[in-house]
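Thanks for coming, everyone. I have one structure to walk through today. Please take a look at it first.

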Amino acid sequence: MTAPKLALTEGDLSTTAADAVVVGTLQGADGLELAPGAEAVAAAFDGALLDVLGTLRASGKADELVKVPTFGKITAPLVLAVGLGKTAGEEQVRRASGVAARALGGKKRAINTLAALHVGAAAEGTLLGAYSFTEYKSDKGEGPVVKVDLHAAGSKENKAALKAAVAIAESVAIARDFINTPPNDLYPASFAARAEKLATAAGLDVEVLDEKALKKQGFGGILGVGVGSTRQPRLVRISYKGTKAVKKVALVGKGITFDTGGISIKPAAGMDEMTSDMSGAAAIVATMVLAAKLKYPLEIIASIPMAENMPSGDAYRPGDVLTMYGGKTVEVLNTDAEGRLILSDAIVRACEDNPDYLIETATLTGAQVVALGKRTSGVMGSDEFRDRVAAIGTAVGESAWAMPLPEELRADLDSRLADLANVTGHRWGGMLAAGLFLREFVAEGVQWAHIDIAGPAFHTGGPYGYTSKGGTGVPVRTIAAVLADIAANG
């Protein structure tokens, strides 16, 4: 996608040439208020801007957008007033900047005064809000605003915040592009090739295991799921090592490039959304590129399994027993519980690198959506690290909630034939049972977190805040913030 160019500016808002100026509004205790940063614009209106906005029924509520013509009071012909809600925190600025960026499509230059509140959030929101995926459209539309000046001091801190925000937003866009690419073009081999190209360009080490290498090394879960498709599976390994690495972190992401459910086939309604079943893998590839850009003082190794889950004469069946990488056996009771099978292989391989932490993410269970809705990820794993990841995710605007792994559910994964079954015999606590299954493959002593993004990874409604329709890029920003926290605090 083409993204707006961002720059810090401290110019006079009333005389700077631009197509529009973005200001923030708040729901104050005594009514509508202008957010800090809009003072020069308000002064040019001789204090009447609030009255004008009130006449246009502006309330300051989150995601509200009101357009005001300036009639020459400032050089820019248009003021965009975007609502922040009751507070002007980072997430509010991020969302408001996203709303403004969408409204600025086709314009050449705009000024965003919300940067006076939070430079990084304004930058992220602008870039993510301007995102659109038009690769397969004949009419590409008018495109995003060409340039946005962030009205804030050009201090060292603000320059650093802008640089980091641009890198993070670019990586979220990478994940979104992967997710939005249709499965006839994004299948295991092509996904692996694209990931390898991106990682190599970022200076990372890459290893791609094809079906022959997977068979030779005993990756029974990945092969079992992928055998039903003519497009064979892959395992991509990407490695980064920063200078003075303080900790080693393993990353794993589910890469089912399309999920029919296999022999346990899904209903037709909504099956098209299963093009997003590789969102976890997309997030991990994007995060590795980001790590190279931001140069975390960490060693990070990603293990990314990729497969297509299809029904065919060669497909695995309910009742099959698979021998996973590392030797454990799993009885397959439902071929639509395939994600945990490929993840388990990758988790065992990742743990062979002896990481201090393991972060894994997947569009794993419909139960996550039932429990937490479409916008909140479920986080399971080691208690302390689980809580840390959930808190950090929520802090950066990717809502997350810590979930338990109840021991009483573990017995329901017992198998009459194998070491364990891939599902329980009931529907209760499905998200938690999947977490318990994955825990069986995590090495002793590794702090780990499993992030179930079944709902948050793919947005099917209209755009809101900085979130567009389709792939969201969740949880790239969460994992990036966790990596930064590990780098800072161990």
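Let's start with a sheet. Three strands make it up, in the order S13-S14-S18. The sheet is open, and its pairing is mixed. S13 (321–323) and S18 (420–421) are the edge strands, each pairing on one side only. Keep in mind that this is a predicted model.

How do S13 and S14 run? They run antiparallel, joined by three bridges. S14 covers residues 329–331. As background, strands in a sheet pair through backbone hydrogen bonds.

Next, the nonpolar cores. The largest has 89 residues. Leu150, Leu251, Tyr296, Ile300 and Ile304 have the most contacts inside it. Which helix gives the most to this core? Helix H9, residues 279–294, with eleven residues. Domain 1 (5–154) and domain 2 (181–489) both contribute residues, so this core lies between them. Another core, of 44 residues, lies apart from it; Leu223 and Cys351 are among its members.

Now zoom in on Ile304. Its contacts beyond four places away in sequence include Arg234, Val236, Ala281 and Ile284.

Last, the two domains. Their C-alpha centres lie 37 Å apart. The contact takes 14 residues from domain 1 and twelve from domain 2. Together the domains bury about 1000 Å², with 54% of it on carbon and sulfur atoms. On the domain 1 side, Arg102, Leu128 and Tyr136 lose the most area, together 42% of what that side buries.

How many salt bridges are there between domain 1 and domain 2? The count is one. Glu124 forms a salt bridge with Arg477, with the closest N and O atoms 3.7 Å apart.

Definitions and conventions:
Residues are numbered from 1 along each chain as its sequence is written. This is a predicted model: local features need pLDDT of at least 70, side-chain atom pairs count only at pLDDT 80 or more; totals for chains, interfaces and linings use all residues. Side-chain values use heavy atoms; hydrogens and water are left out. Two strands pair if DSSP finds at least two bridges between them. Helices (H or I, at least four residues) and strands (E, at least two) are DSSP runs, numbered from the N terminus. A nonpolar core is a set of buried Ala, Val, Leu, Ile, Met, Phe, Trp, Tyr and Cys residues joined through side-chain atoms within 4.5 Å. Buried means under 20% relative accessible area, exposed over 50%, partly exposed in between (1.4 Å probe, protein chains only). Domain bounds come from an automatic or database domain assignment. Contact means heavy atoms within 4.5 Å. Buried area is the accessible area (1.4 Å probe) that two parts lose on being put together, summed over both. A salt bridge is a side-chain nitrogen of Lys or Arg within 4 Å of a carboxyl oxygen of Asp or Glu.
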